[in-house]
Amino acid sequence: MQPLKKISKSLKHASLLYNKLLYQQLAGMGLDNYAEILLIISDSEQPLSQNQLAELFQIDKSRMVNILFKLSQNDFITIKQDPDDRRRHNIYLTPKARKIIPEIENILNNTTTMASNGIPSEKLDCCIDVLEIMRKNLSTILAKKTIKMFNDATL
């Protein structure tokens, strides 16, 4: 098998299995696959907006609104209009969400530990470096395509 084809297949398959195991462990929390959003909000020093979250997760704003609506319905977040910018809606964790953040982090750590079992730390470090370079490459390409699509649409 060609190396590039092998990378593509391995990335997709590892991601699928990792997420499946992670979601199985998170299933009883009523989060679906949105635990990472709560972790990002929790780790942020400043309130995040709907638009910032959509950019971080590389999804369109309307999809993020739907996800946040579901999280809000399940009492994991509150959405408040920014007093300095009425167009901006900031996302805050509820006490219910803050209470389960340590459990989510524990599940994430356990899943990662299981996935990396038997891999020497130097190989993990190399893998992380390679994946970070790939992430940056793909983000750059997607950003350029988004700008090109926007420019093409406005002409």
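User: Among contacts in the protein chain between residues at least 6 apart in sequence, what percentage join residues at least 24 apart?

Analyst: Heads-up: this is a predicted model, where local features need pLDDT of at least 70, side-chain atom pairs count only at pLDDT 80 or more, and totals for chains, interfaces and linings use all residues. Residues are numbered from 1 along each chain as its sequence is written, and side-chain values use heavy atoms, with hydrogens and water left out. A contact means heavy atoms within 4.5 Å. Of the contacts between residues at least 6 apart, the share that joins residues at least 24 apart is 55%.

User: What pattern does the protein chain follow, read along the sequence?

Analyst: Helices (H or I, at least four residues) and strands (E, at least two) are DSSP runs, numbered from the N terminus. The protein chain has six helices and three strands, and its C-alpha atoms fill a box of roughly 55 × 50 × 25 Å along the principal axes. Going along the sequence, you get α-α-β-α-α-β-β-α-α.

User: Which are the edge strands of the sheet?

Analyst: Strands pair if DSSP finds at least two bridges between them. The three strands make an open sheet with antiparallel pairing, in the order S1-S3-S2. The strands that each pair on one side only are S1 (48-49) and S2.

User: Which residue in S3 stands opposite isoleucine 79?

Analyst: Strand S2 (residues 77-82) runs antiparallel to strand S3 (residues 85-93), and six bridges join them. The link is a hairpin through two residues. In this pairing isoleucine 77 stands opposite leucine 93, and isoleucine 79 stands opposite isoleucine 91.

User: Which residues lie closest to the centre of the largest pocket?

Analyst: On a 1 Å grid over the protein atoms alone, a pocket is an open set of points with protein on both sides within 12 Å along at least five of seven lines, unlike a cavity, where a 1.4 Å probe fits but cannot get out; lining residues have an atom within 4 Å of a point. Points are joined across faces, edges and corners, and volume is the space filled by probe spheres set on them. The largest pocket comes to about 2200 Å³. It is lined by 49 residues, and the closest to its centre are Leu11, Ser15, Tyr18, Asn19 and Leu131.

User: Which helix gives the largest share of the lining of the largest pocket?

Analyst: Five helices supply at least two lining residues each: H1 (3-26), H2 (35-43), H4 (61-73), H5 (95-115) and H6 (121-154). By class the lining has 34 nonpolar, nine polar and six charged residues, where Ala, Val, Leu, Ile, Met, Phe, Trp, Tyr, Cys and Pro count as nonpolar, Asp, Glu, Lys and Arg as charged, and the others, Gly among them, as polar. The largest share, 14 residues, comes from H1.

User: Which residues does leucine 31 contact, leaving aside neighbours within four places in sequence?

Analyst: Leucine 31 is among the residues with the most contacts inside the largest nonpolar core. Its partners beyond those neighbours are Leu38, Leu71, Phe76, Ile100 and Ile104.

User: How far apart are the C-alpha atoms of tyrosine 23 and leucine 108?

Analyst: Tyrosine 23 belongs to helix H1 and is partly exposed, at 30% relative accessible area. Not counting residues up to four places away, tyrosine 23 touches Asp32 and Asn33. Tyrosine 23 and leucine 108 are 85 residues apart along the chain, and their C-alpha atoms are separated by 9.8 Å.

User: What is the relative accessibility of glutamine 58?

Analyst: Glutamine 58 is in the loop between H3 and H4. Its phi is near 55°, a positive value in a residue other than glycine. Glutamine 58 counts as exposed because its relative accessibility is 52%.

Methods: Core = buried A, V, L, I, M, F, W, Y, C linked by side-chain atoms within 4.5 Å. Buried < 20%, exposed > 50% of the residue type's maximum accessible area, 1.4 Å probe, protein only.
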